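Please read it beside the sequence and the structure shown here.

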Amino acid sequence: MKKISICSLFCLFLFSLLLLAPSQPFAQKIELRTSAQPCLHGFPMWYAEQSGMLKDAPFTMKFMLFASGAPQTEALAADQWDIGTMGTVPTMMASMRYGYKLIGISNEEAATNDIWVRPDSPLAKAAGAVPNYPDIYGNADLWRGKKILATTVSTGHYALTSTLKAMGLKDSDVNIVHMEQGQAMTAFNAGEGDILQLWAPLSYVAEAKKWVRVSSGAAAKVSIAGGIGVRKDFAEKHPDLTIAWLNIYMGILEDMKANPDKYIKPLLDYFNNYCGLELTEDMVKLEFKYRPLYTVSEQVREMETPSMLPASLRGVAEFMLSQGRIRQKEFDGYVKQNFFIDASFMKKVAQERAAK
């Protein structure tokens, strides 16, 4: 009998492993491309990744940062991300034109979409001049013709237009110059423009500089709900991953609502070390003062009550229609689709939690 060499035995061992191996390769986790902005609503999933909470998630995550909603929406159209958070206006445009599903509310932003002047501006000394709008400073005569640095086609623009409307003015009655937020802040600080439109967290920098807030979405009595949303085709192909992502996001959001002090330093780290801003702890604390957050049950109620989120979104759509940014046909389709609100994912999160 011939002796079997060690090499032959090893080859037989490898062959047996191949026979016993499963016919299908081990499934790789799907990469979930998450989009965000240097805002409070972008923080939860960044924090989840940084703190190791995604280790056992059924997906891997690519975190993508955008300066504002317009480039974020353009990237969505180019199929560059799957799920994320944006302001109301870009959420609406993404829904209307690309079927983007609105699956939650990141925060209420009306108070932090605001408008500022320097302390020596005549507007700063004219509080309560607009009937029924006590928190708007100045009047039509003082606002008319002013140069306003603003990020157009945004929730901040909506707050600005709503402010002008409260005084009987239109965008055409002032000189609106489009700039991204950081650019506008720098230009205004250097003396350019008469009025500056901002949103948090740069609003807190303006407050620290002793600039005067002359209006906001809240002052103009409009609701501005930040949106949590997902690409239509991704949601339909991967509803389980969408729910898993949303469950993690909402877990952090609810904890932020219940324990804000716990998140001051991590949020400061997000803004300063990741987003490249220069904020202080006192500024970050204002996020929890001015931005209401919603629990899962509150989210479901907001999405399913016509006088709540649907009414807020209708107001934004009417603004965009009046601006000529959307057509009547688009507006009608948006309303008919109930503003592309899809509460099913949030309700599923609630069901999964109740079952535990």
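The second largest cavity is lined by Thr34, Ser35, Ala36, His41, Gly42, Met45, Phe63, Gly84, Thr85, Trp245 and Tyr249. A cavity here is a set of points, on a 1 Å grid over the protein atoms alone, where a 1.4 Å probe fits but cannot get out, and lining residues have an atom within 4 Å of a point. Strand E1 (30-36), strand E3 (83-86) and helix H10 (239-258) are the elements that give two or more residues to this lining; E1 gives the most, with three residues. Helices (H or I, at least four residues) and strands (E, at least two) are DSSP runs, numbered from the N terminus.

The model is predicted: local features need pLDDT of at least 70 and side-chain atom pairs count only at pLDDT 80 or more, while totals for chains, interfaces and linings use all residues. Residues are numbered from 1 along each chain as its sequence is written, and side-chain values use heavy atoms, with hydrogens and water left out.

A search of the whole structure finds two cavities of 30 Å³ or more. A volume is the space filled by probe spheres set on the grid points, which are joined across faces, edges and corners. In the table, Ala, Val, Leu, Ile, Met, Phe, Trp, Tyr, Cys and Pro count as nonpolar, Asp, Glu, Lys and Arg as charged, and the others, Gly among them, as polar.

| Cavity | Volume | Lining residues by class |
|---|---|---|
| Largest cavity | about 110 Å³ | four nonpolar, seven polar, two charged residues |
| Second largest cavity | about 40 Å³ | five nonpolar, six polar, no charged residues |

Of the 13 residues that line the largest cavity, Gln37, Gly87, Glu109, Thr155 and Trp199 are the closest to its centre.

An open sheet of five strands has the order E7-E6-E8-E5-E9, with mixed pairing. Strand E7 (175-178) and strand E9 (212-216) each have a single partner strand, so one side of each lacks a neighbour in the sheet. From one strand to the next, the twist averages 30°. Strand E6 (residues 147-150) pairs with E7 in the parallel sense over four bridges, where pairing requires at least two DSSP bridges between strands. Leu149 stands opposite Val177 in E7.

The structure holds zero disulfides, a disulfide being a pair of cysteine sulfur atoms within 2.5 Å. For Cys39, the nearest cysteine sulfur is that of Cys275, 8.2 Å away.

Technical notes. On a 1 Å grid over the protein atoms alone, a cavity is a set of points where a 1.4 Å probe fits but cannot get out, and a pocket is an open set with protein on both sides within 12 Å along at least five of seven lines; lining residues have an atom within 4 Å of a point. Axes are lines fitted to C-alpha atoms, for helices over the stretch in contact, and angles run from 0 to 180 degrees between N-to-C directions.
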